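Hi,

Here is the structure for you to look through. Please open it first, then read my notes below.

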Amino acid sequence: MTKVALVTGGMGGLGTAMCKALAKSGHTVITTYLSNDEKAKSWLKQTIKEGFTFHAYKCDVSKIDECEKVVLKIKQDLGNIDILINNAGITRDGSLKKMTKDAWDCVLRTNLDSLFNMTKQVLDGMLEKSWGRIINISSINGQKGQFGQSNYCAAKAGVHGFSMAVAQETAKKGITVNTIAPGYIATEMVMSVPIDVRNKIIEAIPVGRLGKPEEIAELVNYLVSDNAAFITGSEIAINGGQHMM
Ligand SMILES: NC(=O)c1ccc[n+]([C@@H]2O[C@H](COP(=O)([O-])OP(=O)(O)OC[C@H]3O[C@@H](n4cnc5c(N)ncnc54)[C@H](OP(=O)(O)O)[C@@H]3O)[C@@H](O)[C@H]2O)c1
């Protein structure tokens, strides 16, 4: 039976690749977006041209009341969510000395609170079905730290703590919960970094290149498959060898 997959922040660089990969393997794919209706419309238009039919809902994942409402609406429209990819994320960089409380709160709420806000809404449905897949997107910088990103690194390190705990709570119920920690991937954000800085980043990657969004998406596709039922509570690094644990 077709499974329903929700990718938060699915219109972004990695999210778009995840949505496409999940759709290609036969899932009904839903994405949430934050605020820009025009941008969302043009994303939907473009993906229709490419042969995809995605469902898009507006929701700020840092706000639990919005998550509650949107998941209720999705359940009415499309049924229970079988697969949740907690992908939405932001950065507000600055050294701790200069970091504002607002930059700290914003990053923690969007990258970490969002996991609680969204997972709470879908868990009961997964438990009832005795099947579910939850993937939380972290970062290489949550594993190794990064100058100027104490907020982002704290949130992304917390992501895997959440995954491990919920994995233990749900392992006997057919639900897997895993973390993916991407390294530097060739998304718009990374490609807009000045070429000399980008080259320095690439020099630090043993494989000698940036990752491709499709490489992250294929890992997502594998982890949501029945073949991956024995993988839970894992953090899978996909970083070209830049950080080995
Ligand atoms: N790109 C990389 O190299 C890299 C490396 C390691 C980890 N990651 C992680 O991978 C994930 C995706 O990154 P990306 O590069 O694809 O970033 P991106 O292109 O900026 O996409 C992020 C998405 O998150 C959404 N979003 C932001 N705040 C939100 C909120 N409060 N509520 C709902 N949606 C929100 C944005 O929605 P709108 O478009 O509507 O604003 C956007 O679609 C993030 O968690 C990021 O930390 C990325």
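Keep in mind that this is a predicted model.

Strand β4 covers residues 83-86, and strand β5 covers residues 132-137. The two pair in the parallel sense, over four bridges. Look for Asn86: it stands opposite Asn136 in β5. As background, strands of a sheet pair through backbone hydrogen bonds, either parallel or antiparallel.

Now zoom out to the whole sheet. It is open, has seven strands and shows parallel pairing. Its order reads β3-β2-β1-β4-β5-β6-β7. Which strands stand at the edges? They are β3 (55-58) and β7 (235-238). Each has a single partner strand, so one side of each is left without a neighbour in the sheet. From one strand to the next, the twist averages 20°.

Next, the helices. Helix α9 (residues 213-223) lies across β4, β5, β6 and β7. Relative to β6 (175-182), α9 runs at about 165°.

Helix α9 also packs with helix α1 (residues 13-24). Their axes are 8 Å apart, at an angle of about 50°. Angles between 35 and 65 degrees count as oblique, so α1 and α9 are oblique to each other. Their crossing is right-handed.

Who makes the contact? From α1 come Gly13, Leu14, Ala17, Met18, Ala21 and Leu22. From α9 come Pro213, Glu214, Ile216, Ala217, Glu218, Val220 and Asn221. These residues divide into nine nonpolar, two polar and two charged.

Best wishes

How values were computed. Residues numbered from 1 in each chain as written. Predicted model: local features only at pLDDT ≥ 70, side-chain atom pairs only at ≥ 80, totals over all residues. Heavy atoms only, no water. Pairing = 2+ DSSP bridges. Axes fitted to C-alpha atoms, helices over the stretch in contact; angles between N-to-C directions. Contact = heavy atoms within 4.5 Å. Parallel < 35°, antiparallel > 145°, perpendicular 65-115°, else oblique. Left-handed = near helix turned anticlockwise from the far one by under 90°. Nonpolar A, V, L, I, M, F, W, Y, C, P; charged D, E, K, R; others polar.
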